[in-house]
Amino acid sequence: MQLPEQVTIIEVGPRDGLQNEKSLIPTEVKIDFIHKLKLAGLQEMELTSFVSPKWVPQMKDAKEIITSCLDSTRNIVLAPNRKGIERLYDTKCKAVAVFVGVSESFNKKNINKTTSESMEELKPLIQELKSKGYFVRACISTAFYCPYEGKVDEEAVLKLCSTFVQYGVDELSVADTIGKATPKDVFSLFSKLKKELSNTLLTAHFHDTRGMALANVLAALQAGVNRFDTSAGGLGGCPFAPGATGNVATEDVVYMLEEMGIQTGIELSKLVKAVGVIKPYLTRPIESKYYRLQSANQE
């Protein structure tokens with residue numbers, strides 16, 4: 001079995017994990033959560049997003065989060081449109097994420113634009129960001145299945161990813177948004193992406209809706225992927241993806257990889273402490289199997 005010696009974990013809990021949380025979490029708690037995650041060894045992280053507070057009130061403290069949490073690690077902020085990017089320019093953050101759904105229906109539900117309209121809008125923004133020296137991450141939603149259209153055509157994903165690379169993005173984060181992909185789906189798509197886009201950072205993003213996330217991580221590893229989005233505690237979900245549960249838990253992925261002899265540079269004990277910071281403020285249970293087991297052992 002061909003596996004990498006080292007894997008990079010991109011922590012998405014503070015942004016993707018918390019965006020759908022119903023209760024407003026105090027800013028100081030989010031900051032403490034982020035700092036504890038960094039202490040655990042995470043070197044890349046989605047901190048927050050510049051989106052409308054009307055639609056995502058949890059992210060209304062984005063600027064304060066950025067001001068308090070920037071350091072020498074890669075700190076990424078989601079800024080999906082011109083308005084968000086203009087707000088980004090008022091900060092010292094130099095890494096940005098944009099997103100598009102492969103599925104037209106999902107994209108319309110999410111941002112009220114077709115996929116092609118979104119790409120047309122993003123092209124000059126990405127080129128502008130690159131000219132200013134920003135790291136640009138493109139998040140590809142519904143890369144396997146759509147909650148409205150079903151199975152997504154693999155060729156459509158490849159075409160969209162190739163277009164983003166032509167625009168100049170540094171990274172592609174390819175997501176199983178509703179957690180319906182199987183290891184066979186994952187190996188097939190990522191093998192083709194690795195072959196066709198070998199000079200671009202390729203990251204796999206899995207949700208654990210059907211309990212397939214860790215199996216899909218393994219399939220992606222076998223396809224040559226060595227970067228994964230994960231969320232501490234298994235936090236997450238998408239308001240425009242009915243039935244989708246949280247992201248694969250950072251602790252579960254780190255435990256599996258480390259036990260397989262694959263280095264992550266992350267300390268599990270400190271990761272568990274970070275989850276403990278945010279847990280009292282959540283309305284949903286922690287999905288991480290590793291965290292639940294460690295908590296039970298301490299009782």
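Two strands are taken to pair if DSSP finds at least two bridges between them. Helices (H or I, at least four residues) and strands (E, at least two) are DSSP runs, numbered from the N terminus. The model is predicted: local features need pLDDT of at least 70, side-chain atom pairs count only at pLDDT 80 or more, and totals for chains, interfaces and linings use all residues. Residues are numbered from 1 along each chain as its sequence is written, and side-chain values use heavy atoms, with hydrogens and water left out.

Strand 1 (residues 8-11) runs parallel to strand 10 (residues 227-230), and 4 bridges join them. Glutamate 11 has threonine 230 of strand 10 as its bridge partner. In total, 8 strands close into a barrel, in the order 1-2-3-4-5-8-9-10, with parallel pairing. From one strand to the next, the twist averages 25° (axes are lines fitted to C-alpha atoms, for helices over the stretch in contact; angles run from 0 to 180 degrees between N-to-C directions).

Helix 7 (residues 154-167) packs against helix 8 at an angle of about 35°, and their axes are 11 Å apart. Helix 7 contributes Glu154, Val157, Leu158, Cys161 and Ser162 to the contact (heavy atoms within 4.5 Å). Helix 8 contributes Asp185, Ser188, Leu189, Lys192, Leu193 and Glu196. Helix 8 (residues 183-196) also lies across strand 8 (171-176) and strand 9 (201-206), running at about 165° to strand 9.

Helix 10 (residues 250-259) is largely enclosed by the rest of the structure, because 7 of its 10 residues are buried (under 20% relative accessible area, with a 1.4 Å probe and protein chains only). The buried residues include Val253, Val254, Met256 and Leu257. Glycine 261 follows helix 10, with a positive phi near 85°.

Notes:
Buried < 20%, exposed > 50% of the residue type's maximum accessible area, 1.4 Å probe, protein only.
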